[in-house]
Amino acid sequence: MARAGVRRVRLYDARHACLSWMANNGVPDTVVSAWAGHSALSFTKRVYVHPDPQSLTAGSEKLSELLGGSPTRL
C-alpha cells in the first residue's frame, strides 16, 4: 500500500464499508446481517447501519412533504 501510495486499509475497514453500503442501498437489514454472519440483527444495525447524507436528505424531504411544506436541503 505504501509503494502504491494508497492509505492503509484493514480488511475490517473494507468489510465495514461494504456492509454499511449494502444497508444504505436498499439491502434489507436481515440480509446484511445474514451475509455478515451475525446471529443478532441488533448488532448489525448498531455497528454497521449508519445513515448516509442521501438518506438524511430523503428523510428531510419526506418529512417536509408529510407536513405540507417545501423540502429543506441539509
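# A guided tour from proline 51 to helix 4

Begin by selecting proline 51, which lies in the loop between helix 3 (41-48) and helix 4. The model on display is predicted. Is proline 51 buried or exposed? Its relative accessibility is 59%, and it therefore counts as exposed, the cut-off for that class being over 50%.

Which residues does proline 51 touch, once its neighbours within four places in sequence are left aside? They are Asn24 and Leu56. Next, select alanine 23 and display the C-alpha atoms. Alanine 23 and proline 51 are separated by 28 residues in sequence, yet their C-alpha atoms are 9.0 Å apart in space.

Within helix 4, select Thr57, Ser60 and Ser64, which are its buried residues. Turn the view until you look down the axis of helix 4: the buried residues fall within an arc of 60°, and so they line one face of the helix. An α-helix has 3.6 residues a turn, so residues three or four places apart point the same way.

Which exposed residues does the face of helix 4 turned away from its buried side carry? Select Gln54, Glu65 and Leu66 to see them.

Glycine 68 follows helix 4, and its phi is positive, near 85°.

Finally, clear the selection and view the whole protein chain. How many helices and strands does the chain have? There are 4 helices and 0 strands, and the pattern read along the sequence is α-α-α-α. The radius of gyration of the chain is 17 Å, well over the 11 Å that the globule rule gives for 74 residues, so the chain is more spread out than a compact globule. Along the principal axes, the C-alpha atoms fill a box of roughly 55 × 35 × 15 Å.

Colour the chain by accessibility to complete the tour. Buried residues account for 20% of the 74 residues. Display the surface as well: the accessible surface of the chain is about 5700 Å², and 61% of it belongs to carbon and sulfur atoms. As for contacts between residues at least 6 apart in sequence, 30% join residues at least 24 apart.

Note on methods:
Residues are numbered from 1 along each chain as its sequence is written. This is a predicted model: local features need pLDDT of at least 70, side-chain atom pairs count only at pLDDT 80 or more; totals for chains, interfaces and linings use all residues. Side-chain values use heavy atoms; hydrogens and water are left out. Buried means under 20% relative accessible area, exposed over 50%, partly exposed in between (1.4 Å probe, protein chains only). Helices (H or I, at least four residues) and strands (E, at least two) are DSSP runs, numbered from the N terminus. The arc is that of the directions from the helix axis to the C-beta atoms. The radius of gyration is taken over C-alpha atoms; the globule rule is 2.2 Å times the number of residues to the power 0.38. Contact means heavy atoms within 4.5 Å. Accessible areas come from the Shrake-Rupley method with a 1.4 Å probe; for residues, only the protein chains shown count as cover.
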